[in-house]
Amino acid sequence: MQIVRRRKSSGELGDDLLSRFISESSSYSDEFLRDIIVSFVLAGRDTTSATLTWFFYLISIHPEVKTKLLDELRAVRARGAREGELTVEQVKGLNYMHAALSETLRLYPPVPLQTRACAESDVWPDGTKVKKGKTVMYSAYAMGKSEKIWGSDWEEFRPERWMDEGEFRAVNAFKFPVFHAGPRMCLGKEMAYVQMKTVVAAVMERFEIEVVDEVKKKREVEFTMILRMKGGLPVRVRRKTMMMNDDGTVEI
Ligand code: HEM
């Protein structure tokens, strides 16, 4: 709250999220501003960081996926700016990475369980009756592991299931409710993918992430509000050297 008050009274507004909300309307109370910032941090930081932890674990036990991710990065680099940060177009072009992150989210959805209260009595398409005031829960974690939804290979980490002729193929949000579905769906979904893809690309291009051997075999989930990896992920990090070939392609 102090930060909110200080920022408001100083009048020094920058490019950050809080400054943007302050300059949007003078009617926003200090409490509202505090709550919206906390919501964005909770919604946007822990979800993406938990996903990335699982992602780096999964690619460490699936080297074939890691190789394909690096191949895609090389190909995308070869088509555009070859050094520095990736452009938005290049990030968008990372279809296989999008698929690998979606596959991570299927197996380890950061928001594993969701609860809703029924505002009105209703009958669902399958005939289930729900009464006004009742609580309904669904689990994105269980749905991601459903054979009925994902087929007999549901247990496998297989980004290819999201690909169609080299392009990422999204699935219906009601089948994959990791970002929720319907009118109150996650507002940051696209931003989350852009953030995660940018981080993954930057890390994979610059560093070799080696998961410490003893923990490689099995990681357990921890059900808090966010689905985390129990004990975190101990890794060894080595800096790589990026080499530019004569034809402009990059060796990672
Ligand atoms: C992997 C990353 C993310 C996942 C899995 C995720 C998942 C979700 C889910 C399941 C909800 C619905 C929660 C509920 O109503 O009970 C939600 C809501 C929301 N998310 Fe995300 N989220 C992610 C990243 C982000 C990011 C990066 C932002 C913003 C920077 C963000 C902003 C929001 C906001 C503002 C809502 C509330 C929407 C509303 O109530 O109308 N999320 N998210």
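## Ligand pocket and cavities

The ligand takes up the space of the largest pocket. A molecule counts as sitting in a cavity or pocket if more than half of its atoms lie within 2 Å of its grid points. On a 1 Å grid over the protein atoms alone, a pocket is an open set of points with protein on both sides within 12 Å along at least five of seven lines, whereas a cavity is a set where a 1.4 Å probe fits but cannot get out. This is a predicted model, in which local features need pLDDT of at least 70, side-chain atom pairs count only at pLDDT 80 or more, and totals for chains, interfaces and linings use all residues. Residues are numbered from 1 along each chain as its sequence is written, and side-chain values use heavy atoms, with hydrogens and water left out.

The shell around the ligand holds 21 residues, and the closest are Gln114, Arg116, Val178, Arg184 and Cys186. Helix 3 supplies the largest share of the shell, six residues. By class, 12 residues of the shell are nonpolar, seven are polar and two are charged. Here Ala, Val, Leu, Ile, Met, Phe, Trp, Tyr, Cys and Pro count as nonpolar, Asp, Glu, Lys and Arg as charged, and the others, Gly among them, as polar.

| Residue | Ligand atom | Distance |
|---|---|---|
| Gln114 | oxygen | 2.8 Å |
| Arg116 | oxygen | 2.7 Å |
| Arg184 | oxygen | 2.7 Å |

The model also has three cavities of 30 Å³ or more. A volume is the space filled by probe spheres set on the grid points, which are joined across faces, edges and corners. The largest cavity has about 100 Å³ of space. Lining residues have an atom within 4 Å of a point, and those of the largest cavity include Phe56, Lys66, Met204 and Lys240. Strand 7 gives the most to this lining, with four residues. Seven residues of the lining of the largest cavity are nonpolar, one is polar and three are charged.

About 50 Å³ of space lies in the second largest cavity. Among its lining residues are Arg77, Gly84, Thr198 and Arg206. Helix 9 (residues 189-206) gives the most to this lining, with five residues. Helices (H or I, at least four residues) and strands (E, at least two) are DSSP runs numbered from the N terminus. The lining of the second largest cavity has three nonpolar, two polar and four charged residues.

Key. A residue is near a molecule or strand if one of its heavy atoms lies within 4 Å of it. A polar contact is a pair of N or O atoms within 3.5 Å; within protein, one must be able to donate a hydrogen and the other to accept it, and residues adjacent in sequence count only if both atoms are side-chain atoms.
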